[in-house]
Amino acid sequence: MLRNRVHGRRRPALSLLAALVMSTGTVTGTAQADTVGPVALDPLPGDDYSSVSAVNDAGVMVGMSHKGRDPRVSHPVRWDADGRITALPTQGDGQGIVSHINRHGVSAGIAATPTGSAPARWDTEGRVTTMQLPPGYYGAGPMGISDNGVVVGTWITSGYWMGSFRWDPDDKVTDLGTLPGGDWTWAKDISDDGRIITGVAAGHDKVHHAVRWVDGRPMTRLAPDYLASSPDRTNGHGVSAGFISENLGARDTPVTWDRDGTMRRLEWRENQLLWINAVSSTGYVIGSNNRYPPDDRWLLLWAPDGTLTVLPDDQLSAAAEGVDAEGTVVGSIRGEATVWFRNGERRRLAGLPGGKESKAHFINDRGRVVGSVTDSQWKTREVFWDLK
């Protein structure tokens, strides 16, 4: 699901309240506690390096094993919870991209075929099924998979027009259509039950609008009263976080949309650019103001009850990339993988002996953190840690 989404980790989401309370200094401690890892996620034999796209609550991870860089050859793979790698087959030359995994271990991506590539689904045994692609569409790929095996994705034509589609478990493909007067759509995610798809579409005004499809009905706009909008991240319950633009020249305002489409504004300190990075299974939202220099940058955590916390980053170059059901945030501070806990602890995750830097990208609801480390030779390796 980019964003790199952590599938299968969701529980009933709580709404963010319209009235938020600013809280600072509540997450200030730094501690070293026992953590398992880093455990290396090696590429396939003969390949050079790997990359992880997603992890589910069982700790199963999917991604790619790469060889070379120019050109780069990428093979779809899966790692079990202990880090053992398995190649995922294709119907072509073995190349492909796997980007999402649901809680049952079924994954989705793009697989090579004898004549090119196509959207693909791999079952729990690793068997591949390529799905029908409407005539005239070529690049891009699936953006999400539900727990009942529904895949959504966006593909493009040779003229670079984007169209979004839904593939049911029986491989029936449905064109999700466009807004009246619009000419493109981009489906970004799907809820765990397969009922809600979120994305962006252009209207007759050629502006980006947050949209969703519910129970197979035609798309509707999530913020019809605003100039433009976008649901940047969506969790497994169909709760989204993103932005609205109220008028020309104004900064975007961060908001959430509940499963029923109700919109609520998120508080922010200044009229400045913000980023939304993730929405947890219980409604925690993380983001940043992405300002430069780093001492002006804030890492932001909105709790399900509406409380806003600015995460301590020692005024260094920091990033927050993932959040779990308890509001545990993972990311990095100045090249060191870091975890921020709700109880005030801030934990640095171990790197490799003699290593140069590390980063944490995802966390599931059982404390599995997936990221990368750079060794003494500046070679980057994918790894996982388990929090204790």
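These legends go with close-up views of a predicted model. Local features are kept at pLDDT of at least 70 and side-chain atom pairs only at pLDDT 80 or more, while totals for chains, interfaces and linings use all residues. Numbering runs from 1 along each chain as its sequence is written, and side-chain values use heavy atoms, with hydrogens and water left out.

**View 1. A salt bridge between D42 and R381.**
A salt bridge here is a side-chain nitrogen of Lys or Arg within 4 Å of a carboxyl oxygen of Asp or Glu, and the count comes to 17. In this one, D42 and R381 meet at 3.1 Å, N to O. The partners are 339 residues apart: D42 sits in the loop between β2 (35–40) and β3 (49–55), and R381 in strand β33 (residues 380–387). Strands (E, at least two residues) are DSSP runs, as are helices (H or I, at least four), numbered from the N terminus. D42 is partly exposed at 39% relative accessible area, and R381 is partly exposed too, at 30%. For these labels, buried means under 20%, exposed over 50%, and partly exposed in between, with a 1.4 Å probe and protein chains only.

**View 2. K188 meets D232.**
The side chains of K188 and D232 form a salt bridge at 4.0 Å, N to O. K188 is buried at 15% relative accessibility, and D232 is buried at 16%.

**View 3. The pair D80 and R84.**
D80 and R84 meet in a salt bridge of 2.8 Å, N to O. D80 is partly exposed at 25%, whereas R84 is exposed at 52%.

**View 4. The second largest pocket.**
About 240 Å³ of space lies in this pocket. On a 1 Å grid over the protein atoms alone, a pocket is an open set of points where a 1.4 Å probe fits, with protein on both sides within 12 Å along at least five of seven lines; lining residues have an atom within 4 Å of a point. Points are joined across faces, edges and corners, and the volume is the space filled by probe spheres set on them. Among the lining residues are H208, D232, F243, D252 and W275. Strand β19 gives the most to the lining, with 4 residues. By class there are 6 nonpolar, 4 polar and 2 charged residues; Ala, Val, Leu, Ile, Met, Phe, Trp, Tyr, Cys and Pro count as nonpolar, Asp, Glu, Lys and Arg as charged, and the others, Gly among them, as polar.

Beyond its neighbours within four places in sequence, V329 is in contact (heavy atoms within 4.5 Å) with residues including I286, L311 and W340.

The peptide bond from G37 to P38 is cis, with omega near 10°, and P38 lies in strand β2. D215 has a positive phi of about 50° without being a glycine, and is partly exposed at 36%.
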